[in-house]
Amino acid sequence: MSDHHSAARGFWSTRLAFIFAATGSAVGLGNIWKFPYITGEYGGGAFVLAYLVCIAVVGLPLLVAEIAIGRRGGSSPAASIEALAVAEGYSRQWRWVGSLGNIAAFLILTFYSVIGGWSMAYLWYALSGRLSGRDAEPLLAMFPDLLASPGLLVFWHTLFMLLVVVVVSRGIGRGIERTVSVLMPAMLLLLLALVVYAFTTPAMGDSLAFMFRPDFSLLDTTGLLTALGHAFFTLSLGMSVMLAYGSHLHQRFSIVRSSLLIAALDTVIALLAGVAIFAIVFSNGLDPDAGPGLIFKTIPLALGDLALGYPLAVVFFFLLLFAAWSSAISLLEPTVEALETRWQWPRGRGSWLAGGLAWGIGVLCALSFNVLAHVQPLAGLTLFNLLDALTARILLPLTGLGIALFAGWVLSRRLMDDELGPGDQAWVGPWRFLIRYVTPLLVLAVFLFNLR
Ligand code: PHE
């Protein structure tokens, strides 16, 4: 362990706490909102299969790399990388890989919070009974109505960001660990309830066939590269998040086993959410490729006039909110750690200032759905879409590539042997092969593809 490590930064108190925090970060809108709709777009089974392969050969090796670098460096993302680069005799400029990831996390937080606000708004609609027993038309109108209202969007975005800042400002143990230890089990229960209900719907068989019977004629290069990009996003890679979370993992816990568990949980949750959502969608004769509005439109529509519609809608939007919340927390954490390390800012001040700034940019993103819709700084994209494209298409793969090269070519085998520990020696060889050759090439492919 390097001398950068000070116990004052705090450790996750148990391995389970770390698993909850990391899985809480990984399981987010990507699993419940995006995975189902891109699976729908790219034809189901074959896409799911491609996605599983990407998780194994790109996602897992990078996850191990990020957690290991974070723990070994024992500091904020950029400082951890810098310390290791210097220790291995390389340039300290490698720190930029950490900074870039950190910037990506901060920028994503700005608009992620706006979407988190949508899930809060819908939870409120569900709780207040506005989603039950109504015709299709007013239900479908709710989503565009929400987007058209600056006041509502900013209100819910503000509330969501407050939830995030309050947790992060309380620190690793009393804030993040405590919150995720409630949110994660609750999410699993909510999801289970949804899946149990899905089994009672007439279209469960269709949903399973759609998700798991591959038709390779439906999968093209775009689908493949989308699967790869999503494997990245869903495991929260390339954003310094796992670096930051790993830096609080105690030496006695296995990184390899933790990573396997996190990736497995994230994948199972995405698959379960997909199966449940498509069962509901198909049972109501709705379309699986409705795009980004999929859950906000189809779920209320599908549940609208069911006897169990009220509790199911409440369950679903609680699930969505918890997923978004635990992910947003992890998006703020790297910035707060950077401010702590670089300027010795206390956590409280860092959280409120960084959160406040992200909130401000988020307000502009929210307004880009209505009053600022005409402001299109680049390529005809609104601010919301621009930030989304910039982060997901450029910053994430770039940082991921940097992490893979750093872990595979800068860090010595000896260091990784030591960091992964005697119990996991058998993994070091295969891991190094993947992270040196396979991961960088595939990530580069996604990056170049995105630039088209
Ligand atoms: N992994 C999250 C999801 O699937 C998204 C996310 C990205 C969360 C980056 C944190 C950091 O929705």
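How many residues surround the ligand, and which are the closest? The ligand is surrounded by 15 residues, with Ala26, Leu29, Gly30, Phe233 and Met239 the closest; a residue counts if one of its heavy atoms lies within 4 Å. The model is predicted: local features need pLDDT of at least 70, side-chain atom pairs count only at pLDDT 80 or more, and totals for chains, interfaces and linings use all residues. Residues are numbered from 1 along each chain as its sequence is written, and side-chain values use heavy atoms, with hydrogens and water left out.

The shell around the ligand comprises 7 nonpolar, 8 polar and no charged residues, with Gly counted as polar. At least two shell residues come from each of helix 1 (15-26), helix 2 (29-41), helix 10 (221-234) and helix 14 (309-343); helices are DSSP runs (H or I) of at least four residues.

| Residue and atom | Ligand atom | Distance |
|---|---|---|
| Asn31, polar side-chain atom | oxygen | 3.2 Å |
| Phe233, backbone N or O atom | nitrogen | 3.0 Å |
| Thr234, polar backbone atom | nitrogen | 3.1 Å |

Of the 320 Å² of accessible area that the ligand has on its own, the protein covers 100% (Shrake-Rupley method, 1.4 Å probe).

The structure also holds 26 aromatic pairs, with ring centres within 6.5 Å. Phe111 and Phe384 pair edge-to-face (planes over 60 degrees apart), at 5.5 Å centre to centre and 65° between the planes. Because Phe111 lies in helix 5 (residues 95-127) and Phe384 in helix 16 (residues 383-410), this pair ties together parts 273 residues apart in sequence.

Note on methods:
Polar contact = N/O pair within 3.5 Å; in protein donor to acceptor, adjacent residues only side chain to side chain. Phe/Tyr/Trp six-rings, centres within 6.5 Å; stacked < 30°, edge-to-face > 60°.
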